[in-house]
Amino acid sequence: MKITLENISKTFGEQRVLDGLDLTLESEKITFIIGQSGGGKSVLLKHIIGLVKPDSGRVLVDDIDISSLNDAELNEMRKNFGMLFQDAALFDSMNVGENVAFPLKEKTRMGNELIRDKVYEELEHVGLAGSEHKLPSQISGGMVKRTALARALVSEPEIMLFDEPTTGLDPVIGLAILKLIDSCHKRFSFTGILVT
């Protein structure tokens, strides 16, 4: 899916965060957006997924202006998205397997057996087979990120948003996460946006 931002501007109070931004994200490629803290990278991601509406301009996903969609249409569009949050955003009360299964249980009508198979397959791809019964508090920071990546990818989204995926990790583990993202991209050919 191709994403085009046309003349996007966004102001919060007195602070203009985005000012006439034009950007095209090519389908099935990963685009890296690098910038200083507070530069508007996360705000950009929120525009792309429709959590924030621009003050002016348009966000087009496959030529559909998502800022003009109603809530039901926007929720339908979001089924095409996966997101790896900066802090992973796992549910503390759910184990690794339950966290990964969550989007399938919430957004699909898959049976429990098929969900279990998909979860196992995705955990295997991110190197976490056998960890499905552990709680987030029982695994390392790198394993938390891999669990969050598996959860984001289990529904096979066409668009993946990565909000600072290596934050809080040492350089070796951070590089391993980036290589894992590359490996997942080769499997799914999603359109990716990675901010750091």
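**Ground rules.** I am working with a predicted model, in which local features need pLDDT of at least 70 and side-chain atom pairs count only at pLDDT 80 or more, while totals for chains, interfaces and linings use all residues. Residues are numbered from 1 along each chain as its sequence is written, and side-chain values use heavy atoms, with hydrogens and water left out.

**Cavity.** On a 1 Å grid over the protein atoms alone, a cavity is a set of points where a 1.4 Å probe fits but cannot get out, a pocket is an open set with protein on both sides within 12 Å along at least five of seven lines, and lining residues have an atom within 4 Å of a point. Grid points are joined across faces, edges and corners, and a volume is the space filled by probe spheres set on the points. Among the residues lining the largest cavity I noted His47, Lys53, Ile66 and Leu74.

For the second largest pocket I recorded a volume of about 280 Å³; of its 13 lining residues, Gly97, Glu98, Ala101, Arg116 and Val119 are the closest to the centre. Helix 3 and helix 4 (112-125) are the elements that give two or more residues to this second lining, with the largest share, six residues, coming from helix 4.

**Salt bridges.** I found seven salt bridges in the structure, each being a side-chain nitrogen of Lys or Arg within 4 Å of a carboxyl oxygen of Asp or Glu. In one of them, glutamate 122 pairs with arginine 187, the closest N and O atoms being 2.6 Å apart. Glutamate 122 lies in helix 4 and arginine 187 in helix 6, so the pair ties together parts that are 65 residues apart in sequence. Glutamate 122 is buried at 4% relative accessible area, whereas arginine 187 is partly exposed at 31% (buried means under 20%, exposed over 50%, partly exposed in between, with a 1.4 Å probe and protein chains only). Another salt bridge joins lysine 186 and aspartate 182 at 3.0 Å, N to O; both residues lie in helix 6, four residues apart, about one turn of the helix.

**Threonine 108.** I placed threonine 108 in the loop between helix 3 and helix 4, where its side chain reaches the backbone oxygen of leucine 104 at 2.4 Å. This is a polar contact, meaning a pair of N or O atoms within 3.5 Å; within protein, one must be able to donate a hydrogen and the other to accept it, and residues adjacent in sequence count only if both atoms are side-chain atoms. The backbone nitrogen of methionine 110 lies 3.3 Å from a polar atom of the threonine 108 side chain.
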